[in-house]
Every structure is written in C-alpha cells, then in structure tokens.
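I set out to record the fold of this chain, then its overall dimensions, and lastly a few individual residues. The entries follow in the order in which I looked things up.

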Amino acid sequence: MDPDRMVELAEALAAAKSRQDVPAAMALLHPDMVLESPALGTTARGPAENATALRRFFASFPDYDVALQGHAANRDALVCWGTVRMTLTGTRLGVEPSGRRAELPVFIRFAFKDDLIAGEYFFFDLAELCAQSGVSADAVRRRLFRDRER
C-alpha cells in the first residue's frame, strides 16, 4: 500500500477519535480489524468489538485528543508517534478520578488491508497516565489485570 495513503488513513482515524466519532472511525476500519492497547490490557477484534472498545474508551476519556507528530512507513506498516491529551472520568479503571488532564507520548503501529486499517497497536505509558491523573497506578493495574493475576 502507498505510504501516503496509510498516513492519510491514520490521520483520518486520529481526527475521528479526537471528535469521539465512532461511526467515522469505524468507516476507516477493515472487518478484520484488531485493536490492541497493552496499557489497558485490551484487544478488540472485528467491527462489533472495536465499536464497543471505542465507546468504552471515550466514556472513560471523553476529551480524548491525539496529535500525530511523525511517522515511518514501508509498504506493509506505518508507525506514528505523537501526543494524547485526556482526562480520566468514571470508575472503570477502579479509582476515583481527580479531574486532572494528562498529556502523554503515544506510539501507534498500523497494519492495512484492502485500503483500510486492519490493525492498530496503541501504546502509551499507563503509569505516567496515572501519575498525571493523580490516581494510583497500582489500583488501576489491579482493576485492569485482575483476571490475569489469578
């Protein structure tokens, strides 16, 4: 796939997610889409799981905003880096939010199929998110990864 087209798709997805526009984001995703977020311990496969994952994420971070600042690409993959800004709300992560907004570096690896995004590996530092948000990283990890610790 043409690297310029990959960047165009990634930027369109970033813009849709920054607007919390799930239908616009879903229109850019291949039916085989796999979204991995290791910081949150989640993997979503296919349209239904991806739409649910996005809605849950935006419920937790309703002011999510991402700015892509650079990228590297070959014919098979694209890696982007930039900054995310977001405020934790609700108790999904097992802590009482402080209302403080976090600003973090983010790295995203994309895969493509049939001129759509087929994979997104979304990486940010959970401990830094917790520190900037004024919440316990240990408590958040216990909530997110409790099933794996048993």
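In what order do the elements of the chain run from the N terminus on? I read the order as α-α-β-β-α-β-β-β-β-α-α. The secondary structure amounts to 5 helices and 6 strands. I note that the model is a predicted one.

**Overall dimensions.** I looked up the extent of the C-alpha trace, which spans about 45 × 30 × 25 Å along its principal axes. The radius of gyration is 15 Å, in agreement with the value near 15 Å for a compact globule of 150 residues. Buried residues account for 43% of the 150 residues. I also checked the contacts between residues at least 6 apart in sequence: 58% of them join residues at least 24 apart. The chain exposes about 7600 Å², of which carbon and sulfur atoms supply 51%.

**Leu40.** I located Leu40 in the loop between β1 (29–37) and β2 (42–45). Is Leu40 buried or exposed? Leu40 counts as buried because its relative accessibility is 5%, under the 20% cut-off. Beyond its neighbours within four places in sequence, I found Leu40 in contact with Phe57, Leu93, Phe124, Leu126, Leu144 and Phe145. Leu40 and Phe145 are 105 residues apart in sequence, yet their C-alpha atoms are 8.3 Å apart in space.

**Surface patch.** I then turned to a nonpolar patch on the surface, formed by Val79, Trp81, Phe107 and Phe123, with about 350 Å² of accessible area together. Of these residues I followed up Phe107, which lies in strand β5 (residues 101–113). Phe107 has 43% relative accessibility and therefore counts as partly exposed.

Notes: Residues are numbered from 1 along each chain as its sequence is written. This is a predicted model: local features need pLDDT of at least 70, side-chain atom pairs count only at pLDDT 80 or more; totals for chains, interfaces and linings use all residues. Side-chain values use heavy atoms; hydrogens and water are left out. Patches are made of residues with over 30% relative accessible area and no salt bridge: like charges are joined within 9 Å, nonpolar side chains (Val, Leu, Ile, Met, Phe, Trp, Tyr) within 5 Å. Accessible areas come from the Shrake-Rupley method with a 1.4 Å probe; for residues, only the protein chains shown count as cover. A salt bridge is a side-chain nitrogen of Lys or Arg within 4 Å of a carboxyl oxygen of Asp or Glu. Helices (H or I, at least four residues) and strands (E, at least two) are DSSP runs, numbered from the N terminus. Buried means under 20% relative accessible area, exposed over 50%, partly exposed in between (1.4 Å probe, protein chains only). Contact means heavy atoms within 4.5 Å. The radius of gyration is taken over C-alpha atoms; the globule rule is 2.2 Å times the number of residues to the power 0.38.
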